[in-house]
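Thanks, everyone. Let me put the next one on the screen and take you through the interface.

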Number of protein chains: 2
Amino acid sequence: MVRWEPGAGERLQVAALELYASKGFEQTTAAEIAAAVGLTERTFFRYFADKREVIFGNQELFQKAFVDGIDSAFDGQAPLDIVAAAVISASGFFPPDRLPYSQRRGEIIAANHELQERELLKMAALGTAMAGALRERGIPEPAATLAAESGVTVFRVAFAEWLGSDGGRSLGDIERTIFAELLALAGR
Amino acid sequence: MVRWEPGAGERLQVAALELYASKGFEQTTAAEIAAAVGLTERTFFRYFADKREVIFGNQELFQKAFVDGIDSAFDGQAPLDIVAAAVISASGFFPPDRLPYSQRRGEIIAANHELQERELLKMAALGTAMAGALRERGIPEPAATLAAESGVTVFRVAFAEWLGSDGGRSLGDIERTIFAELLALAGR
């Protein structure tokens with residue numbers, strides 16, 4: 001019989017991030033995370049395939065937020081405008097009250113080479129997914145990939161700025177500014 | 001006493017790529033690669049730290065080609081123009097007669113998930129290095145990262161097109177076209 005603990009997934013996640021931040025990601029075991037919230041290691045592995053998944057488990061939903069934005073653009077928009085709208089709309093994935101969590105997560109990733117690589121691969125997968133969604137809308141290559149990768153770059157730069165901020169500006173606001181900088185660079 | 005075999009590094013590389021392509025990267029051992037050119041496994045490891053390094057060992061020189069281009073740009077150029085010139089000048093790293101080697105390398109990477117990840121990380125490192133070189137020239141963030149990442153995207157798209165071609169156009173030529181497409185997307 002599989003026991004279901006209400007809110008256990010979220011409690012495990014909070015405990016995991018605290019331990020990763022204080023002890024280091026490598027040095028923390030799944031058993032310790034579970035023990036910190038009065039659960040067993042076995043329960044941990046019902047919620048997360050491994051320690052990394054606590055940090056990267058939401059990749060599918062994250063990616064979907066961007067792809068949905070591309071799918072729902074109206075016809076005739078320029079590829080870069082579709083991507084800009086999708087990136088800004090996906091910023092709803094990171095509401096202001098998520099900033100402290102995202103900052104802690106960012107610090108944990110910055111302290112571990114393997115997690116940094118994993119984060120880079122997540123960004124590469126996002127670019128591939130957005131380019132695919134643009135092609136589905138009939139936007140040919142290389143425009144689809146160029147626009148998608150530009151969107152990933154803007155997201156990465158804006159997200160880093162958001163993490164380094166006190167939350168005074170929303171992620172979407174910062175993204176708007178960075179998109180404008182990109183267009184200015186290209187001479188628009 | 002360490003014996004030096006003239007041309008052994010290059011012979012090992014050619015043999016390795018043939019075996020990776022025919023047997024698969026995972027299924028090939030260092031001993032087999034060495035045996036294919038009449039050398040010992042120990043000699044293989046004098047030239048390459050591991051099987052992956054046969055494919056990725058030139059990363060430092062590769063990156064240097066781009067960074068040198070940024071360092072040698074004249075003052076007052078716009079960031080994206082500096083990057084475009086650097087990317088096109090680095091295409092000298094891939095002369096036309098290197099295309100068959102690059103194509104075989106590309107096929108080996110496409111067939112192996114771990115190698116694909118390694119290639120993505122190589123591209124991420126290139127972007128970081130170019131952004132650093134731009135900052136050294138006094139170009140502030142976010143312009144440095146936006147320009148550098150745009151350069152990486154153009155390189156990736158152009159390189160894929162070059163690999164898929166019969167070599168009728170040089171890599172530098174293809175890069176010029178893709179840069180123009182990027183600027184057109186941004187409305188320049």
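How many residue pairs are in polar contact across the interface of chain A and chain B? Zero, by the rule, with both residues required to be at pLDDT 80 or more. Keep in mind that this is a predicted model.

Salt bridges are another matter. The count between chain A and chain B is two. Take one with B:Glu149 on one side and A:Arg156 on the other. Their side chains meet at 3.9 Å, N to O.

Now, which elements build the chain A side? Those giving two or more residues are helix 6 (79–90), helix 8 (113–136), helix 9 (143–163) and helix 10 (171–185) of chain A. Helix 9 of chain A has the largest share, with ten residues. By residue class, the side of chain A that touches chain B has 16 nonpolar, four polar and five charged.

On to the extent of the contact. Chain A puts in 25 residues, and chain B puts in 25 residues. The area buried between the two chains is about 2,200 Å². Carbon and sulfur atoms give 76% of that. Which residues of chain A lose the most area to chain B? They are A:Leu121, A:Leu146 and A:Leu185. Together, these leucines make up 30% of what the chain A side buries.

Where does A:Arg52 lie? In the loop between helix 3 (41–47) and helix 4 (53–56) of chain A. Leaving out residues up to four places away in sequence, A:Arg52 touches A:Phe25, A:Glu114, A:Leu115 and A:Arg118. A:Gln27 is 25 residues from A:Arg52 along the chain, and their C-alpha atoms are separated by 13 Å.

That's my tour. Over to you for discussion.

Note on methods. Residues numbered from 1 in each chain as written. Chains lettered and ligands numbered in written order. Predicted model: local features only at pLDDT ≥ 70, side-chain atom pairs only at ≥ 80, totals over all residues. Heavy atoms only, no water. Contact = heavy atoms within 4.5 Å. Buried area = accessible area lost by both parts, 1.4 Å probe. Salt bridge = Lys/Arg side-chain N within 4 Å of Asp/Glu carboxyl O. Polar contact = N/O pair within 3.5 Å; in protein donor to acceptor, adjacent residues only side chain to side chain. Helix = DSSP H or I, 4+ residues; strand = E, 2+ residues; numbered from the N terminus. Nonpolar A, V, L, I, M, F, W, Y, C, P; charged D, E, K, R; others polar.
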